[in-house]
Every structure is written in C-alpha cells, then in structure tokens.
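Reader: Please take me closely through one part of this model, the place where the two chains meet, and then through what lies around that place.

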Amino acid sequence: MKNQWPLWEVFIRSQHGLAHRHVGSLHAPDATMALNNARDVYTRRNEGVSIWIVKAADITASHPDDKAELFDPANSKVYRHPTFFPMPDEVKGL
Amino acid sequence: MHAQNNVGMADTGSPSASSLDEREARFQSRIDDGIRVEPQDWMPDRYRKTLIRQISQHAHSEIVGQLPEGNWITRAPSLKRKAILLAKVQDEAGHGLYLYSAAETLGITRDQMVDDLHTGKAKYSSIFNYPTLTWADVGAIGWLVDGSAIMNQIPLCRCSYGPYARAMIRVCKEEAFHMRQGYDIMLALCAGTPGQKAMAQDALNRWWWPSLMMFGPPDGDSVHSAQSQAWKIKLFTNDELRQKMVDQTVPQAEHLGLVVPDPQVKWNAERGHYDYGDIDWEEFYNVVKGNGPCNRERLEVRNKAWTDGEWFRDALVAHADKQAQLATAQAA
Ligand SMILES: [Fe+2]
Ligand SMILES: [Fe+2]
C-alpha cells in the first residue's frame, strides 16, 4: 500500500454567476493531474464552466459534536429576521 | 466531503454497553426521521462495515462491468456506435470512482479496495462473469443489465448515508443514457435482417435470467435484509425489485417482437404483475463462487491493467515529488 495518492475535493461552478459547489472527490498525485481528472470524472456532460480542486487534508471543518455550541445560539436571536418586527399594514415600503 | 472523517472515527472511544445502546437508539431514530448520516457522524460499527461492503462491491461492479462491453469497442458496427459505446464505458469508470470515494469516507483506503478486488477477496456483480459473444450482447446489456442496475439504484438515491446517496444521484442520471442506447441497438437489430433479429433474440435468451439474478437471492434466503432495511441502505426487497424489472421488461420485449425465454411469463390480472418461472439459483451461486464462464478472465484482465500501469503511476508520483522539491527549494 505504498504511494497512495492524496485525496482532492472537487468544486464546480455550473454556470457563470453561481458559486462553486462541492461535487465529489478523487485521488491524484498532484494538483495538475487532479484538475485533469476532475474534468474527466465530473464534467463529461457540460456540468461546469470552472473547476476548483482542494487537497482534502487542507480543509478544516467543524465537528458534528460542536453543532449545538456553534449553531444553537442563533435560535434565540430571532430578531435577526425581518419577520420578528410586526409592521403596521397601512404603512408601505417596509 | 471526507476531509476529516478520522476525527469522527476517533471520538467513539470505548463507551459502556448502555451508552452504546443509547447511541444506537438515537442513531436509528435519526434515520427514522429521514436525517442523512454524514461521514463525521457517529455510526454503529456494523452500519459502517455493511456500507463499506455494499458500496465497494458496487464500485467493483462498475469497474469490472467495463470489461464485457469494452470487448466490443474496437468492433462496433459503425463509428457512431463506437463513440456511444466508448462514452458509456467511460461513464462506468466514472461510476466506479464516485463509489470508491463514497466508500473511502467510511475509513477504508482506495488501495485496500483495489487490492481486495485484484486478489479475488472482494465480490462484484456476477452478471459481469458472462461473455459478450455478439454485438447484440452490447444491446442486451444496456437494455437489461443497466436496466436492472437502474431499478436497484434509483431507491438508493434516498438511502440514509449522504455520500452514497449523492453518488447514486449522479450515477442514475447517466444510467438512463446507458439503458436507452442498449434498447436502441436492439431496435435497430430487430428492424434489420432475419439474421440480425435472431442475434437479438439469442442475446435476450442468454441475458434474461442473469439479469433477474442481479437482484440477489430470493427474500427468504437474503441474509442481511431486515437490518439493512431498518438502516435505509436497502429500500426494497430483492423480490420486489425483481418483479418490477419483469413488469417493465416484458412489454419492452414484446415491442421488439422478441420473446423472453421463460414459458411461464404470463400477466396475472389478480396480482397486477407478470408471473414468471423459477430462477436457477444453483447457477447463481456457482458463478458467485468463481465458476462462471469469465470469472478468471475478468480478474486476470484487471490485474494485468493494474500491473501494466504501474510504471506510469510511479512516474506521476516521481514527477509530483520532484516538482514539490523544486518549489520548496525556490521558496527557501
Ligand atoms: Fe454504472
Ligand atoms: Fe451503466
């Protein structure tokens, strides 16, 4: 099991004006090959106009166990949503 | 993405039996609620192992599945058919890659899976151990084998494991092309000379039963079914899917003017399904055990491709290492 190629995550912009979106991953020895392979594996049917590849090892992600700590505080801050504020029906433009 | 599935796996520690039961119960209730499991989430060991087996077998089937059809790429009857077949076989390579990636998120390495396939330790779908004797076989495979695969895979787009479900969505989109190009070949042959039509009938005769066997043993003999259904990594039973396939395919064969090679196939108005005859499960198990017409050849071809490509893979790594060294030297 020598020389396992690093894992790369593949992101594709499906059309101009949209953000790149994660579509999958692949192994390749270097960034150039990863890009070439991503083109063959993930864009055989005009799926994209641009590809990003990122070494999976370089991604820092939140841990599922931290979900409550990270995201629950937002639940008590409903005033961040415009619907929190009742507005008089007769006033327009709000 | 699997950037940090190691973290997810390391955090399980060795919980006491009761807390493990609790975790499993919580895991099951999330699945019951339709919440997808992602790589970093806690999951029971058996769920992980079952999925690794299921997804890697599926990946191996896509890879080995290239061989029977690849056999006809250089002998396709026209440039158009050749280009289509080439695209179809390339898709199957892609399917294998999507699925290997999905399996890797569960903690098995690509090298391990490839090794398991090449040493004969891992299984792949038995259907690919049958030979492609004529061009009509390429039509029958697209129509029946990819047809059965779609039947099996569409429900899996809703399975509980996120990376597997997402891979299946991509695969299913592409399979529709595979099935149609196969039926298109059959249409052309059946509209051709009597000899061409006979070739189509012969291919149907040989691929019909193996295609029905693709759904696996009858429900009564299927070992892991109940647990896999509870985990939502199997959404219909083998016999349910097989019945759907028969119901869908018999009218398609009639349209071609072909006869399915089973005298017991008959519409049953009461059941609302076609009845069909008994499957020769002895043949199935015999092929699974390695005694099908092409088992040895398939593995030999895979191993040869892997060995023949070794110098190239090594060269790519050497180049990558050299470039990385140069970059560090320049930066210093
Ligand atoms: Fe496929
Ligand atoms: Fe296919």
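Author: In this predicted model, 29 residues of chain A are in contact with 32 residues of chain B, contact meaning heavy atoms within 4.5 Å. Residues are numbered from 1 along each chain as its sequence is written, chains are lettered from A and ligands numbered from 1 in the order in which they are written, and side-chain values use heavy atoms, with hydrogens and water left out. Because the model is predicted, local features need pLDDT of at least 70 and side-chain atom pairs count only at pLDDT 80 or more, while totals for chains, interfaces and linings use all residues.

Between them, chain B and chain A bury about 2,500 Å², of which 53% is on carbon and sulfur atoms; buried area is the accessible area (1.4 Å probe) that two parts lose on being put together, summed over both. Five salt bridges are counted between chain B and chain A, a salt bridge being a side-chain nitrogen of Lys or Arg within 4 Å of a carboxyl oxygen of Asp or Glu. In one salt bridge, the side chain of B:Asp91 meets that of A:Arg44 at 2.8 Å, N to O. On the side of chain B that touches chain A, the elements giving two or more residues are α1 (5-10), α5 (79-104), α6 (110-118), α8 (162-190) and α14 (310-331) of chain B, where helices (H or I, at least four residues) and strands (E, at least two) are DSSP runs numbered from the N terminus. That side of chain B has nine nonpolar, ten polar and 13 charged residues, with Ala, Val, Leu, Ile, Met, Phe, Trp, Tyr, Cys and Pro counted as nonpolar, Asp, Glu, Lys and Arg as charged, and the others, Gly among them, as polar.

Turning to helix α13 (residues 295-308) of chain B, B:Leu299 is found there. Leaving aside residues up to four places away in sequence, B:Leu299 touches B:Leu117, B:Gly120 and B:Tyr124. B:Leu299 and B:Ser18 are 281 residues apart in sequence and 45 Å apart in space, C-alpha to C-alpha.

Over all chains, the whole structure has 21 salt bridges. In the one between B:Glu24 and B:Arg46, the closest N and O atoms are 3.2 Å apart. B:Glu24 lies in helix α2 (residues 17-32) of chain B and B:Arg46 in helix α3 (residues 45-64) of chain B, so this pair ties together parts that are 22 residues apart in sequence.
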